[in-house]
Amino acid sequence: MVFYLLVGFDFVRLVFQGGYEALTSPLAILFTDLLIIIFIPALYLASKVVKDRPFSSYSSSRGGWNFKLYFKALVIPVILYIIYMGAYTAITGPEGTYNFSIAFLAVILISVPLQSIAEEYIFRGLIMQTLGSWFRIPVLVIVLQAIIFALGHGYNSIGVFETLISGLGFGFFAWKTNGIEVSSALHTANNFSVGLFVMLGLQASTSSPQLGEVAVTIVFLIMLFIIMYYVGKKTDWFGEIPENSQNVGLFNYE
């Protein structure tokens with residue numbers, strides 16, 4: 001409603017109809033980000049109304065959100081995403097239009113991370129825990145939430161498969177760490193890097209990625225998840241998480 005009043009019906013209609021191809025301006029990205037960011041306060045209010053569990057349990061079963069873990073887990077994927085996307089752009093050539101501005105940079109630095117975290121609250125915080133409370137089979141739940149996550153994005157069939165792989169990785173780390181901080185860091189690194197390269201005109205925002213690009217990205221994602229897991233084990237990211245804890249399952253349903 002606020003955006004309708006501020007920028008008019010035509011802008012909102014253009015963003016909805018244009019899909020990912022319309023996300024080339026800071027205002028368009030901010031609009032779509034806020035549609036997702038609003039789920040965080042919505043979930044908070046719902047938890048206060050229903051009073052079945054504390055809001056903090058949607059972020060982890062380790063006492064709520066851990067900022068230190070989030071920022072620690074953010075460094076490696078941001079660096080690797082930028083290296084990967086830079087190398088891919090150097091080989092294939094730039095595909096977008098240069099759109100750098102202070103407003104665009106501010107959106108990338110502020111609303112994009114919040115949007116990524118909000119998606120993790122939805123898919124790994126709410127949906128995955130809900131499915132886990134029904135089935136209590138981690139592998140099944142991780143696959144189911146990844147399917148829902150993939151179908152929730154408006155990509156073509158190839159793009160949906162790439163998103164499915166991302167959802168599997170995010171779900172695995174959420175399960176392994178009993179929280180969404182690491183998956184949020186991975187999600188933020190992806191969206192931040194894409195936004196940065198779109199702003200600089202090095203890549204174009206599209207809902208129809210090609211097979212070759214997706215295949216290379218999937219290989220990169222698998223390597224990234226392996227590196228993150230290895231580093232997580234070596235740096236004791238997972239040290240406070242009970243191994244094979246059957247009573248908490250995917251987070252905490254008590």
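This is a predicted model: local features need pLDDT of at least 70, side-chain atom pairs count only at pLDDT 80 or more; totals for chains, interfaces and linings use all residues.
## Where helices H2 and H3 meet

Let's start with helix H2, which covers residues 9-18, and helix H3, which covers residues 26-37. Their axes come within 11 Å and cross at roughly 75°. Angles of 65 to 115 degrees count as roughly perpendicular, so that is the word for H2 and H3.

Which residues of H2 meet H3? They are Phe 11, Val 12, Val 15 and Phe 16. On the H3 side, their partners are Leu 27, Ala 28, Phe 31, Thr 32 and Leu 35. Sorted by class, this contact has 8 nonpolar residues, 1 polar residue and no charged ones.

## Where helices H6 and H7 meet

Now follow H6 to helix H7, which spans residues 138-151. The two pack at an angle of about 140°, with their axes 9 Å apart. That angle makes H6 oblique to H7. The crossing of H6 past H7 is right-handed.

Residues of H6 in this contact include Glu 119, Phe 123, Arg 124 and Phe 135. From H7, the residues taking part include Leu 140, Gln 145 and Phe 149. By class, the contact of H6 with H7 has 11 nonpolar, 2 polar and 2 charged residues.

## A closer look at Ser 116

Helix H6, residues 102-135, also holds Ser 116. Is Ser 116 buried or exposed? Its relative accessibility is 0%, so Ser 116 counts as buried; the cut-off for buried is under 20%.

What does Ser 116 touch, leaving aside residues up to four places away in sequence? Ser 116 touches His 187, Thr 188 and Asn 191.

How values were computed. Residues are numbered from 1 along each chain as its sequence is written. Side-chain values use heavy atoms; hydrogens and water are left out. Helices (H or I, at least four residues) and strands (E, at least two) are DSSP runs, numbered from the N terminus. Buried means under 20% relative accessible area, exposed over 50%, partly exposed in between (1.4 Å probe, protein chains only). Contact means heavy atoms within 4.5 Å. Axes are lines fitted to C-alpha atoms, for helices over the stretch in contact, and angles run from 0 to 180 degrees between N-to-C directions. Angles under 35 degrees count as roughly parallel, over 145 as roughly antiparallel, 65 to 115 as roughly perpendicular and the rest as oblique. Ala, Val, Leu, Ile, Met, Phe, Trp, Tyr, Cys and Pro count as nonpolar, Asp, Glu, Lys and Arg as charged, and the others, Gly among them, as polar. A crossing is left-handed if the near helix is turned anticlockwise from the far one by less than a right angle, and right-handed if clockwise.
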